[in-house]
Amino acid sequence: MTVDDTGSGTGTPRGPHGRDTGGGAGASDSAAPDGAAPGGGRGPASGAPERGLPDLPDRSERGGEPQEDGGQTEPRQDPLALRIEGLILGAERRYTPFQAARAAGVSMELASRFWRAMGFADIGQAKALTEADVLALRRLAGLVEAGLLSEAMAVQVARSTGQTTARLAEWQIDSFLEGLTEPPEPGMTRTEVTYPLIELLLPELEEFLVYVWRRQLAASTGRVIQVADDEEMVDRRFAVAFADLVGFTRLTRRMEEEELGELVEAFETTAADLVAARGGRLVKTLGDEVLFAADDAGTAAEIALLLIETMANDGSMPELRVGMTFGTITTRMGDVFGTTVNLASRLTSIAPKNAILVDSAFAAELVRTGEAPASEAEAAAAEEPGEYRFALQPMHQRPVRGLGAVEPWLLTRRD
């Protein structure tokens with residue numbers, strides 16, 4: 001990557017690969033608003049998807065660093081909030097976005113793309129960034145310079161990491177830390193116990209996060225390198241399934257919010273445990289619905305049947321219906337897309353209560369692998385009574401929105 005010298009000023013020493021070795025001190029002293037995050041200049045509102053590059057003027061053409069916003073009163077900063085931020089980030093606020101980009105040796109344009117991809121809001125030129133922000137920019141830009149990632153791939157890395165960790169952080173604060181920071185003694189405020197609690201938890205949670213990530217990375221890498229050839233690696237076939245709670249909309253009108261939340265959490269926990277234990281992958285949860293995938297049809301069929309059986313044995317849970325397909329899917333940032341996925345969703349919508357519908361490709365794959373008979377006559381002629389794990393029953397052809405007519409199969413477990 002050719003480093004953009006835009007906005008670097010005159011006489012600034014450059015390090016290896018054209019990087020700016022200066023610390024960028026001495027510019028804006030304005031403080032960032034509470035909860036603000038990196039991202040430069042004027043652009044989309046916080047949380048908006050990337051829609052082009054930030055609308056920033058070329059500072060170098062004006063001969064100097066950006067000026068502070070004049071006439072604006074900075075909001076008063078909560079000292080405890082700043083202390084907790086410093087504890088979590090491991091450094092104090094030092095740079096404006098412009099200074100951080102310059103110190104990292106990247107253009108303001110590219111820095112803004114990275115920050116927005118990570119999910120951070122634009123903060124103008126408030127001094128809210130730390131050495132860690134500079135280092136993150138250097139690392140991403142360095143991967144591009146070294147040819148290990150394209151610029152577009154580096155932005156994807158930033159976006160997928162930001163989206164995943166944002167959800168994790170929100171869950172930890174909302175569900176985990178909220179419960180632990182209840183004042184232990186009368187008269188103590190929650191804020192008085194938050195700092196020491198985070199001080200104790202932070203290193204442990206950080207180590208655990210890295211451990212789980214490495215484990216998941218090893219598992220994903222292992223699945224890929226076991227593929228027979230490069231063509232199959234690119235164009236792999238998976239089993240995809242949606243499991244949906246029946247009558248969830250009616251439940252939302254009858255149940256209290258807390259009770260409804262507990263039901264959804266129990267459903268998601270049950271599904272996640274069963275999918276993981278049987279070798280599938282939970283792609284995402286959507287409240288009353290989960291989407292999971294498996295490398296082979298037999299694994300997906302076993303997971304789906306276990307979900308139906310487990311939920312049916314729990315009197316507090318609604319009925320479940322499942323739609324599954326087998327075929328080529330597109331994966332992007334941990335999610336799955338394509339006609340195979342869309343068909344699984346449509347099959348779920350027409351599946352009976354406590355039943356599983358699969359498409360013809362899924363049924364054919366079970367027959368091919370010897371896990372289901374092509375017909376009941378074939379099953380009757382089997383040498384071993386328990387030779388087949390699953391049974392398939394053809395259903396009437398049904399029109400499916402957006403995909404034309406399909407012929408679903410009812411999947412059951414053989415006695």
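This is a predicted model: local features need pLDDT of at least 70, side-chain atom pairs count only at pLDDT 80 or more; totals for chains, interfaces and linings use all residues.
A residue counts as buried under 20% relative accessible area, as exposed over 50%, and as partly exposed in between.

Arg 389 forms a salt bridge with Glu 302, and the closest N and O atoms of the pair are 3.2 Å apart. Because Arg 389 sits in the loop between helix H14 (376–380) and strand E8 (390–394), while Glu 302 belongs to helix H11 (residues 297–312), this pair ties together parts that are 87 residues apart in sequence. Glu 302 has a relative accessibility of 12% and therefore counts as buried.

Glu 309 pairs with Arg 413, with 3.0 Å between the closest N and O atoms. Glu 309 lies in helix H11 and Arg 413 in strand E11 (residues 409–413), so parts 104 residues apart in sequence are tied together by the pair. Glu 309 is partly exposed at 33% relative accessibility, and Arg 413 is partly exposed as well, with a relative accessible area of 30%. These residues belong to a network of salt bridges that links Glu 302, Glu 309, Glu 371, Arg 389 and Arg 413.

The count of salt bridges comes to twelve. One of them joins Glu 365 to Arg 368, where the closest N and O atoms are 2.7 Å apart. Both residues lie in helix H13 (residues 360–368), three residues apart, which is about one turn of the helix. With a relative accessible area of 12%, Glu 365 is buried, whereas Arg 368 is exposed at 61%.

Stepping back to the whole protein, the secondary structure comprises 14 helices and eleven strands. Of the 415 residues, 39% are buried. The accessible surface comes to about 23400 Å², and carbon and sulfur atoms account for 51% of this area. Among contacts with a separation of 6 or more, 68% are between residues 24 or more positions apart.

Helix H3 (residues 97–104) shows what burial can look like along a helix. Eight of its eight residues are buried, so H3 is largely enclosed by the rest of the structure. The buried residues in H3 include Phe 98, Gln 99 and Arg 102. Gly 105 follows H3 and has a positive phi, near 80°.

A positive phi is also found at Asn 354, a residue other than glycine, with a value near 55°. Asn 354 lies in the loop between helix H12 (339–350) and strand E7 (355–358), and is partly exposed with a relative accessible area of 33%. Within helix H12 itself is Asn 342, which is partly exposed at 38%. Asn 342 and Val 240 are 102 residues apart in sequence, yet their C-alpha atoms are 9.7 Å apart in space.

Charge also gathers on the surface. A patch of negative charge is made by Glu 256, Glu 257, Glu 258, Glu 259, Glu 262 and Glu 265. Glu 256 lies in the loop between helix H9 (248–254) and helix H10 (257–277), and counts as exposed at 59% relative accessibility. Arg 250, Arg 253, Arg 254 and Lys 353 form a positive surface patch. Arg 250 is found in helix H9 and counts as partly exposed, with 46% relative accessibility.

Methods. Residues are numbered from 1 along each chain as its sequence is written. Side-chain values use heavy atoms; hydrogens and water are left out. Patches are made of residues with over 30% relative accessible area and no salt bridge: like charges are joined within 9 Å, nonpolar side chains (Val, Leu, Ile, Met, Phe, Trp, Tyr) within 5 Å. Accessible areas come from the Shrake-Rupley method with a 1.4 Å probe; for residues, only the protein chains shown count as cover. A salt bridge is a side-chain nitrogen of Lys or Arg within 4 Å of a carboxyl oxygen of Asp or Glu. Lys and Arg count as positive and Asp and Glu as negative; His and the chain ends are not counted. The place of a charge is taken as NZ of Lys, CZ of Arg, CG of Asp or CD of Glu. Helices (H or I, at least four residues) and strands (E, at least two) are DSSP runs, numbered from the N terminus. Buried means under 20% relative accessible area, exposed over 50%, partly exposed in between (1.4 Å probe, protein chains only). Contact means heavy atoms within 4.5 Å.
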